Amino acid sequence: MRRLSFFLFLLGVTAALPAQDPYKRIEELEKRVQALEERLRQMEAAKTPAAEPPRAAAATPAPAPAPVAPPAPVETAAAEIRSSLSGYMDFHYNKTRGELSPGVLDFHRFVLLFGHNFTDRIKFWSELELEHALVEGREEKGELELEQAYLDFLVKPWLNVRGGMMLTPVGLINERHEPPSFHGVERPFVDTVILPSTWFDSGAGIFGDLGRGLAYKLYAMAPLDATRFSAEEGLRGGRQKGFQSVTERPAITGRLEYRGVRRLALGASFWRGRTGFGLASVNPRVRVFEFDGRYRLGRFAFRGQYAQVGVSQSAELNRALQRQTGVNPNIARSLRGFYWETAAHVLPRRFPHDLALFWRYENFDTQRRMAAGFLPLKQFDRSAWVWGATYYPEPDVAIKFDYTIVRSQSALFRSLHSVNLGMGWWF
Amino acid sequence: MKRLLLVLVAAAATASDAGKDIKVVHVLAERFVYVPSVVKVKRGTTIEFRITSEDTNHGFHIPKAGINVIIPKRGRGEAKVIFKPTEPGEYAFECSKACGAGHTQMRGVIIVE
């Protein structure tokens, strides 16, 4: 462009010169060219400050328009990874055989995740979830939940600091719950009624990679609320979910994970805290312990989990809640659950699609041990068989089918047979 | 014939030297870990990372080196990254493609001794 302008200018000058001796004319032109070169040099010198780093330019109150230098390739890559948006969804059809209610279509989860890197060492991550598609005030409808919103401060590979709204680092599913990453339309029962996924709350903690395949997390988080525990769903109702969470005595939770062997993952986690902040006379201590494993061998994948919960002072807790509400919630002293799952990927590797057939056995009892004077409700000592298939037209899209039978130890309650269809994606 | 032998010996020596300087590291990326997550090399070594994913797309970003590549999804091939650190020290690498709820914890480190 400059060259073109210069050329046009030169043409204009040439045209403007009166007819004269060609040598004189050449001399005149040379002088003008020299003058133009000098002027160009001055202009270039004036532009130099604008080439300083953007930070300096941003600090100037009213920067003059300056030519923008093409960014280096590295800077371009950094800009692309600075902020990110992703998400997933879970769309289900559930039909329980023999029940009067018809099948239910439920847009179970629609989730958006946002992240931003302030620097290479300060990072933000968040997860906003809409459950059951509709949220209305004071109605028993869906939920809008801020499941994650935290800042990471990276210090060393083995020591980093995290604070904000965080996922409790307990169990297989709670931190890995994207629909294509597990089989079955619904999450395992153990990860619902024994470990209350999605389990999240406010807190802060440290995490890091210790080398040799070992990684850890250790957080102080808002505790559970014992006034909302139940016989059927255990701790699930007690999650404060970061809504003005009471944190008089924070709970401590942690996880140790081993990934030293390819395709093998072993984990153990715990949670312990006082949960009676809503009660005057009793302050039960809750202890959660679990261990889990995953392994992939050729076309087969295996995973298993064991989880146990202990609630101290459960008799006093039941009596205190009965005084408040008039109903004995029959909260257990001990809850336990475990499952085993085997999956086989049946299509040849060269196929662009994937199909996994799986089965899972679960055993979960929210009334395993009761305090003296309280009887366990046998309908909450349950087992489940889940058979199904997950079809991946591409790795981030999962179309799921399963047939589930849930049995309880009570003779008064029939087995529940259900057919479930689901669709989930991740991007 | 002598010339031919000399050329063959020289070629073999060159190939041998190149093999010494390049360390091939196979990395498995999966929500939300790299296996291995710690890679140790001697100074002057060129590392050739061959990275596959067990699930979705992941990123392989070495901020200090300005390297950033996308790892293909499961069954869609591998990403190759050649990295020659010139200075001893720790070079962190991290996932640069949002991959799930635990995306920010997907990290590793290259230790150059």
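1. Let's start with the hairpin in chain A: β10(A) and β11(A) make one, with two residues between the strands. A:Gly298 sits in that turn, and its phi is positive, at about 60 degrees. Bear in mind as you read on that this is a predicted model.

2. If you want a pair to click on, A:Arg296 stands opposite A:Ala301 in β11(A).

3. β10 (residues 285–297) of chain A also has strand β9 (residues 264–274) of chain A as a partner, again in the antiparallel sense, over 11 bridges. Here A:Phe270 is the residue facing A:Phe289 in β10(A).

4. On to chain B, which has one helix and nine strands. Of its 113 residues, 40% are buried. Looking at contacts in chain B with a separation of 6 or more, 56% are between residues 24 or more positions apart.

5. Then there's the interface. On the chain B side 27 residues are in contact with 30 residues of chain A. Which elements of chain B give two or more residues to the side that touches chain A? They are β2 (33–35), β5 (58–62) and β9 (107–112) of chain B.

6. As for the make-up of that side of chain B, its residues split into 13 polar, nine nonpolar and five charged.

Key: Residues numbered from 1 in each chain as written. Chains lettered and ligands numbered in written order. Predicted model: local features only at pLDDT ≥ 70, side-chain atom pairs only at ≥ 80, totals over all residues. Contact = placed C-beta atoms within 7 Å. Helix = DSSP H or I, 4+ residues; strand = E, 2+ residues; numbered from the N terminus. Nonpolar A, V, L, I, M, F, W, Y, C, P; charged D, E, K, R; others polar. Buried ≥ 20, exposed ≤ 12 C-beta atoms within 10 Å, placed from the backbone. Pairing = 2+ DSSP bridges.
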